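Colleague: I would like to go through the aromatic rings and the nonpolar core of this model with you. Could we begin with what the terms mean?

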Amino acid sequence: MIKNTRTIRKEESNNPVLKALSFKTVIVGTSLAALLASSGCATSSLLDSDNRVSTTTTKSVLSEDQIVAFGRPAQALPKMPNATMVIVGEKNSYVLTQGGTEMVNLLTNLTPKNIQVDNEMNFYVPNNDGYFQGEMKLSYAKLKDEFKRSDYQFFLQNNGKECTSASDQRINAQRFCFSVPVKGAIYPQVSNLSLIQSNYRPLTKPYTVSFYTQSQQNQVSRSGANTAQKLVLLPFALAFDVVTFPFQLLE
């Protein structure tokens, strides 16, 4: 005999097991509906975000130059009281206004033949206004039995960190690394470049210095991207003489 709807509902209300199952069904149904609703919102948000215009940072090289020598200004430069070191290039001169003292200290106190440049000299020019910033990384290596107590004291005083490689260890050598943050200004070619090139022995390898800037561009619009820029010198910069350091950097 088939029970009518009233009888079934009455039995469900009187049966505790059926009553609990019915309650759980309601909860599960409500949770599922909420989950679907939230999933729909997330999907909608994701689709909306995909339609937004995203930006990307583009690196543009402004200039590259071949390094001729390292030195210091022969005389104090106007408006540059802290100019202690100059990277002499074939095109321009690059005067260090920060980090130059540390670089001069390293290059004049360490044995030149044991100094190595450990990074590409790429300098950032944020506003392309003649000012740059970056980092110089050097390492200094010798056989362990050639180091003296004074050498280790110098490393401690100048933030030298041991960076001995496996190849150094194989020949019983020890290496120390130096990292110097630098800032500087771009000047015209030094006045005595011809004299330097004729009297100064070339570096052990052709070192290149490069300058770059960064700009943000929309990924979706590529029509006006990457207009070529040129490295800007300081508006008050004048050519000057430089006194070179008598050393050679290793490869």
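Modeller: A charge sits over a ring if NZ of Lys or CZ of Arg is within 6 Å of the ring centre and within 35 degrees of the ring normal. Please keep in mind that this is a predicted model.

Colleague: Which ring face does lysine 79 lie over?

Modeller: Lysine 79 lies over the face of phenylalanine 236, 4.8 Å from the ring centre.

Colleague: And where is lysine 79 found?

Modeller: The loop between strand E1 (55–73) and strand E2 (85–89) holds lysine 79. Its relative accessible area is 64%, so lysine 79 is exposed. Lysine 79 also has a positive phi, near 70°, although it is not a glycine. Most residues other than glycine have a negative phi.

Colleague: What is the phi of asparagine 159?

Modeller: Asparagine 159, not a glycine, has a positive phi of about 60°. This residue is in the loop between helix H4 (149–157) and strand E7 (161–162). Asparagine 159 is exposed, at 61% relative accessible area.

Colleague: Back to charges over rings: what does the charged end of lysine 59 sit over?

Modeller: It sits over the ring of tyrosine 212, 4.3 Å from the ring centre.

Colleague: Now the ring pairs. How many aromatic pairs does a search of the whole structure find?

Modeller: The search finds 16 aromatic pairs. One of them joins phenylalanine 123 and phenylalanine 211, with 5.8 Å centre to centre and 40° between the planes, and this pair is tilted. Phenylalanine 123 belongs to strand E5 (residues 121–124) and phenylalanine 211 to strand E9 (residues 208–218), so the pair ties together parts 88 residues apart in sequence.

Colleague: Are phenylalanine 123 and phenylalanine 211 buried or exposed?

Modeller: Both phenylalanine 123 and phenylalanine 211 are buried. Another tilted pair is phenylalanine 147 with tyrosine 152, whose centres are 5.5 Å apart and whose planes are at 35°. Phenylalanine 147 is buried, at 9% relative accessible area, while tyrosine 152 is partly exposed, at 31%. These two residues belong to one aromatic cluster, which also has Tyr140, Phe154, Phe155, Phe176 and Phe178.

Colleague: Which residues have the most contacts inside the largest nonpolar core?

Modeller: Met121, Phe123 and Phe211 have the most contacts inside this core, which has 34 residues. Strand E8 (residues 173–188) gives the most to this core, with five residues. Apart from it lies another core of 18 residues, including Val86, Leu193, Leu234 and Phe240.

Colleague: What does methionine 121 touch?

Modeller: Leaving out residues up to four places away in sequence, methionine 121 touches Ile67, Phe70, Met136, Tyr207, Thr208, Val209 and Ser210.

Note on methods: Residues are numbered from 1 along each chain as its sequence is written. This is a predicted model: local features need pLDDT of at least 70, side-chain atom pairs count only at pLDDT 80 or more; totals for chains, interfaces and linings use all residues. Side-chain values use heavy atoms; hydrogens and water are left out. Rings of Phe, Tyr and Trp (its six-membered ring) pair if their centres lie within 6.5 Å; planes under 30 degrees apart count as stacked, over 60 as edge-to-face and the rest as tilted. Helices (H or I, at least four residues) and strands (E, at least two) are DSSP runs, numbered from the N terminus. Buried means under 20% relative accessible area, exposed over 50%, partly exposed in between (1.4 Å probe, protein chains only). A nonpolar core is a set of buried Ala, Val, Leu, Ile, Met, Phe, Trp, Tyr and Cys residues joined through side-chain atoms within 4.5 Å. Contact means heavy atoms within 4.5 Å.
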